[in-house]
Every structure is written in C-alpha cells, then in structure tokens.
Amino acid sequence: MSPQPPPPQPWTSVDDYFSDLLAPPDEALTAALRDSDTAGLPQINVTPNQGKLLHLLARTQGARRILEIGTLGGYSTIWLARALPADGRLITLEYKPEHAEVARANLARAGLDKVTEVRVGPALDSLAALGAAHAEHPAPFDFVFIDADKANNPHYVEWSLQLTRPGSLIVLDNVVRGGAVTDADDPDPAVRGTRAALDLMARHPKLSATAVQTVGAKGYDGFALARVLD
Ligand code: SAH
Ligand code: DHB
Ligand code: MG
C-alpha cells in the first residue's frame, strides 16, 4: 500500500480562509506565480497573507523607498511595490539572471516597472554600490525586506543599517529554520547566519527588534522585525 498523505493541519485551512478573504489573488499575482513556476523557479515565495503583511507594514511605515534582498520571481516585490506612492521606488537585488528576468516580466505585467528596479548580481556587491551612492547622495530606505541566502543575513542587516534612517523598518524572513534556530551548535550556514543576524538585532544600540513565528499554507516559519532607532 502506498503511504497516505498526512492529514491536513488546521492552520492550512485557516490560512486559506484568511488569504481568500483578506489577500485574494488578482491577475498580476496569479500570473506572477504561474510564470515563475513555468520557468522552473523554486516555490519559496512568501504566502499571500505574508505578502499582505509586508504590504501593510510598508504602508504603515509610509515607505517611499523600499529595498528587497532576494527577488526570486518578484511575488513579494509586487506586494511591497504596491505599498509605494506614485513617485516611490523599490530596488530589489537578485543573484540569478534567470530569476531577475522572470521578475522583470512579472513586475511589468503588474504595472510596476516604473517604480521597481531589479539589480542582478551577488547582493553584497549591489549593496556596496548602493552604499557608495548613498555616501554621495543620501537616499535612505524606509523599509528593507531581507530574503536571500541566509548565511549572509548578518551582512544584510549591517548593510541595512547603513542604508536606512531612524524610523526605518527591517524585516528578515525565514528565521525559524524548522526550530533549529535555537541550536547554537548547528553547523548549517543558514542557521548560523540567521542566529548572527538575530544577535545583531538584539545587541545593536540602534535597533529594537522582535520575532514572530508563523504557521500557514507553507508550514512553520517566522519573521524578525527591527526598527532603526535615533
Ligand atoms: N522574496 C521572494 C523570495 C526570494 S527566494 C518572494 O518571497 O517572493 C531567495 C532569492 O534570493 C532567490 O531568487 C535566490 O536566487 C536569491 N539569492 C540567493 N543568494 C543571493 C545573493 N547572494 N545575492 C542576491 N540574491 C541571492
Ligand atoms: C527558502 C528560502 C526562502 O526565502 C523561503 O521563504 C523559503 C525557503 C529556501 O531556500 O528553501
Ligand atoms: Mg523567504
């Protein structure tokens, strides 16, 4: 006999209920996921409810400039860019040209190509370039979403501090690592990078942070959130 699938978890149907009600898909979001899938991109985008959370946080923040580290097919990018005013700007950093290409098409279809820019390359290089530009003409980001290679998370938090202003919000994705985040001896670079980023958020005098665990359509995970202080 073939093994039975596990019974559905209650939080899956609750997440479906919440997202159908509060974060229903539209043509641009549906097409973005469909074309990402067709292009063979991994299905590691935020869920609809998480996308809506990012959108509301950016709106609440009054964000005019948003930085995203880790674009994939631009699904989270669409949610975030929709929080911007007409003259706002979002820069998103992606290592893989083939991901960036899918994201650009998805953002154009969503009518967001004027306010968004996908920069291809290792995020650390793109961040150094942003840092140099910021040193000449300061243009701080009001909101940063960190969602790329987890080993570099502490560096991404450090760069976020360089590129933001007092009152900016930094959101870090995927902080639970299946529970392994509590293990100081876990050798997984993603765990180590996430713990180092959380340590930085905890001890940095210019950051005030918390973390929330989430359950939903994509299982168990969480975000850390840090406000940049004066
Ligand atoms: N934010 C997206 C998901 C991002 S998945 C969403 O929720 O819709 C993580 C992305 O980070 C992948 O596309 C991966 O290619 C990219 N990435 C991995 N390492 C990177 C690096 N060093 N610099 C920039 N992007 C990187
Ligand atoms: C992975 C990356 C993510 O950013 C995410 O939200 C989920 C999974 C991953 O690399 O497996
Ligand atoms: Mg993520």
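Histidine 99 places a polar side-chain atom 2.8 Å from an oxygen atom of ligand 1 in this predicted model, a polar contact being a pair of N or O atoms within 3.5 Å. Serine 76 likewise has a polar side-chain atom 2.8 Å from a nitrogen atom of ligand 1. With alanine 123 the backbone takes part: one of its N or O atoms lies 2.8 Å from a nitrogen atom of the ligand. Taken alone, ligand 1 exposes 580 Å², of which the protein buries 90% (Shrake-Rupley areas, 1.4 Å probe).

Turning to helix packing, helix 1 (residues 10–22) meets helix 3 (residues 48–60) at about 50 degrees, the axes being 9 Å apart (lines fitted to C-alpha atoms over the stretch in contact, with angles from 0 to 180 degrees between N-to-C directions). Helix 1 is therefore oblique to helix 3 (angles under 35 degrees count as roughly parallel, over 145 as roughly antiparallel, 65 to 115 as roughly perpendicular and the rest as oblique). Asp15, Phe18, Ser19 and Leu22 of helix 1 make the contact with Pro48, Asn49 and Lys52 of helix 3 (heavy atoms within 4.5 Å). Three of these contact residues are nonpolar, two polar and two charged.

Residues are numbered from 1 along each chain as its sequence is written, with chains lettered from A and ligands numbered from 1 in the order in which they are written. In this predicted model, local features need pLDDT of at least 70 and side-chain atom pairs count only at pLDDT 80 or more, while totals for chains, interfaces and linings use all residues; side-chain values use heavy atoms, leaving out hydrogens and water.

Definitions and conventions:
Polar contact = N/O pair within 3.5 Å; in protein donor to acceptor, adjacent residues only side chain to side chain. Helix = DSSP H or I, 4+ residues; strand = E, 2+ residues; numbered from the N terminus. Nonpolar A, V, L, I, M, F, W, Y, C, P; charged D, E, K, R; others polar.
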